Amino acid sequence: MRITVIGAGEVGRTIAATLADLHEVVVVDCDEQIVEELTYAYDVLAVHGDGRDIETLRKAEIDRANLVIACTDNDDVNTVICATVTMISDAFTVARVRHRTLFETWNDRPDAFGVDFMICTDSLTSEAVFRISGLPAAQEVDTFANGLVRMAAFEIDPESPFVDQTVREIGLDESVTVAAIFRDDELVLPAGETVIQSTDRIVVIGSASGVTNVANRISLSSRSPTDEVVIAGASEIGLRIARLFEEHGYHPRVVEQDPDRARNAAEALPDTTVLKGDPTDAGFLEREHTGDADIVIATLPNDERNLLVSLVARQFGVGETVAIVENIEYTELFETAGVNVTVNPREETAEEIIRFTRLIPTEKIVLLDHDRAEVIEIVVTEESILADREIRDSTASLPDGVIIGAIARTGELVTPRGTTVIRPGDHVILFVDTDALDEVTEVI
């Protein structure tokens, strides 16, 4: 495909870097220095100019584009870009927006704004945080096949009962597959005799209950609505996370310093206790018994303050901390400092957008370990190499670096085994090493 990406911030750069080897990519940005950097960094055509300007779009040969992605940091600009593109091109348009107002309008009227598909960063981020928060010890969580299949990644600490055990010896539920192990800079596709080591990051795919059991064993605890959940910050993301917890029977606490935000949060969240105070103030948090919390989620609009909240929570003995990190370069710092999980809104957005660019029709895609691997959900067609064959036969035709993690068939979970026959119409969830992605795309 010919893909035009308008806006070369973190989201745009991530999309361009991921797609450059697979597609013809054009990147448009107002910053001349960024355009020059992109020209040398990636195999893309970089165009300097304003994406709202028809002359700039013509310079980018927008009439040849199959897909246009508007992902600047301004919601209104992205919407106008899509409307402008629609006037002069038949390309499919995708707009990234941060806040929910435009998204809700578009969701009610999908023909609004000239946008074919709109992605709301705050909604994606909130849902990602809630999924992770609901599964103790998990660093990444996602669902496939309408929730029938769950994928999760866990880091194995030195005290874990899994350390020095083989994949076979840890005795997971039959419905769960250990799809991969990230070990330092190595990606290991495990067999039954593969030994799990301390600091390994394992990826499991299977039934929701089976993956939950893995989480409970690794963390030696479980998550339930009786847990104390504290959310620092009544931002759009913080409010949405609190609402998701409420919908699942929890009674979270939200700490917000701004009196207007605190009042609005209290009115919007009937089953949430809203505390007016500074969530970075150790004295305030101690008085409010934050140390009793099972999990603290930092959603302030400032990375440094989110790190401070997380560190103070750990100091008080909180078992699990989750933080929103806007600057992806800070992720390693947060993890080194002891924050259990970080969620980057721009990564969540880029991941969702990239799904639209796949040459095979993917139902869902999840990028792992900064795009070292992917978990994808496909619907098997009659022409697929997987159709009407036993898995042991079809996998022999697949490149190295591919694991079939789960199969969903007419609303039922099918555990993949060597003799399992995959049928047309099955939803198959695959773990794929990014290096093998091109070859996989050609055969499935």
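A search of the whole structure, a predicted model, finds 2 cavities of 30 Å³ or more. A cavity here is a set of points on a 1 Å grid over the protein atoms alone where a 1.4 Å probe fits but cannot get out. The largest cavity holds about 40 Å³ of space, whereas about 540 Å³ lies in the second largest pocket. Local features need pLDDT of at least 70 and side-chain atom pairs count only at pLDDT 80 or more, while totals for chains, interfaces and linings use all residues. Residues are numbered from 1 along each chain as its sequence is written, and side-chain values use heavy atoms, with hydrogens and water left out.

**Cavity and pocket**

- The lining of the largest cavity consists of V230, A232, V255, P279, L285, T290, V296, V309 and A313; a lining residue has an atom within 4 Å of a point.
- Two elements, β12 (229-232) and α11 (303-315), each give two or more residues to the lining of the largest cavity.
- A pocket is an open set of points with protein on both sides within 12 Å along at least five of seven lines, and a volume is the space filled by probe spheres set on the points, which are joined across faces, edges and corners.
- The second largest pocket is lined by 21 residues, and V176, T177, V178, P416 and R417 are those nearest its centre.
- Two or more residues of that pocket's lining come from each of β9 (176-183), α14 (391-395) and β21 (402-409), with β9 giving the largest share, 4 residues.

- Helices (H or I, at least four residues) and strands (E, at least two) are DSSP runs, numbered from the N terminus.
- Strand β1 (residues 2-6) is largely enclosed by the rest of the structure, because 5 of its 5 residues are buried, where buried means under 20% relative accessible area, exposed over 50% and partly exposed in between (1.4 Å probe, protein chains only).
- R2, T4 and I6 point one way from β1, while I3 and V5 point the other way.
- β1 pairs in the parallel sense with strand β2 (residues 24-29) over 5 bridges; strands pair if DSSP finds at least two bridges between them.

**Aromatic contacts**

- Rings of Phe, Tyr and Trp (its six-membered ring) pair if their centres lie within 6.5 Å, with planes under 30 degrees apart counted as stacked, over 60 as edge-to-face and the rest as tilted; the count comes to 5 aromatic pairs.
- The W106 and F117 rings have centres 5.9 Å apart and planes at 75 degrees, so this pair is edge-to-face.
- W106 lies in helix α5 (residues 100-108) and F117 in strand β6 (residues 117-120), so the pair ties together parts that are 11 residues apart in sequence.
- W106 is buried at 7% relative accessibility, whereas F117 is partly exposed at 21%.
- The F130 and F245 rings have centres 4.9 Å apart and planes at 80 degrees, so this pair is also edge-to-face.
- F130 in helix α6 (residues 121-133) and F245 in helix α8 (residues 236-247) are 115 residues apart, and their pair links distant parts of the chain.
- F130 is buried at 15% relative accessibility, and F245 is buried with a relative accessible area of 0%.
- One aromatic cluster is formed by F103, W106 and F117.
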